[in-house]
Amino acid sequence: MIGRRHDRMPVQCRSQREENMAKFLYVYHGSGKMPTSEAERKAMTDAWTGWFGKLGSAVVDPGNPVGMSKTVLPGGKIENNGGSNPTGGYSIIEARDIDEAAEKAKGCPMLAMPNCNVEIAPIINMMA
């Protein structure tokens, strides 16, 4: 008998990798500056491409940088500065658990910049 999952896909149709992997959101924080010269852009692109290459098929969505955000506070007040720890971008990565996701994040090029960090959160599929 074929078991059924909540997403209606037969269990036997899923690969072992899919069964053991979860998705994690990497949120890149800090005041990293975008490169201004062609050489700086190439160095940054090479660093990110190299890191994503090392992660291989664990990269679900390499993501993108984001612009300056606004923060809406309770009561409707709006701050225009992105808050005390502004988001610089995001990626989605697969890993067995959050500890493995954290280990994978250690090679992130964002961490080479001062005052930057990677926040990691499991993605919970509520719509399946």
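Ser91 touches Phe24, Leu25, Tyr26, Tyr28, Phe52, Asp61, Pro62 and Gly63, leaving aside residues up to four places away in sequence. Contact here means heavy atoms within 4.5 Å. This is a predicted model, in which local features need pLDDT of at least 70 and side-chain atom pairs count only at pLDDT 80 or more, while totals for chains, interfaces and linings use all residues. Residues are numbered from 1 along each chain as its sequence is written, and side-chain values use heavy atoms, with hydrogens and water left out.

Is Ser91 buried or exposed? Its relative accessibility is 0%, so Ser91 counts as buried. Buried means under 20% relative accessible area, exposed over 50%, and partly exposed in between, with a 1.4 Å probe and protein chains only. The side chain of Ser91 also makes a polar contact of 2.7 Å with that of Tyr28. A polar contact is a pair of N or O atoms within 3.5 Å; within protein, one must be able to donate a hydrogen and the other to accept it, and residues adjacent in sequence count only if both atoms are side-chain atoms.

Ser91 sits in strand β5. Strands (E, at least two residues) and helices (H or I, at least four) are DSSP runs, numbered from the N terminus. β5 belongs to an open sheet of four strands, ordered β2-β5-β1-β6, with antiparallel pairing. Two strands pair if DSSP finds at least two bridges between them.

Now the helix. α3, residues 98-105, lies across β1, β5 and β6, and runs at about 155 degrees to β6. Axes are lines fitted to C-alpha atoms, for helices over the stretch in contact, and angles run from 0 to 180 degrees between N-to-C directions. Glu100, Ala101, Lys104 and Ala105 are buried in α3. They cover an arc of only 145 degrees around the axis, which puts them on the same side of α3; the arc is that of the directions from the helix axis to the C-beta atoms. The buried residues of α3 pack against β1, α2, β5 and β6.

Last, Asn115 lies in the loop between α3 and β6. Asn115 is exposed, at 68% relative accessible area.
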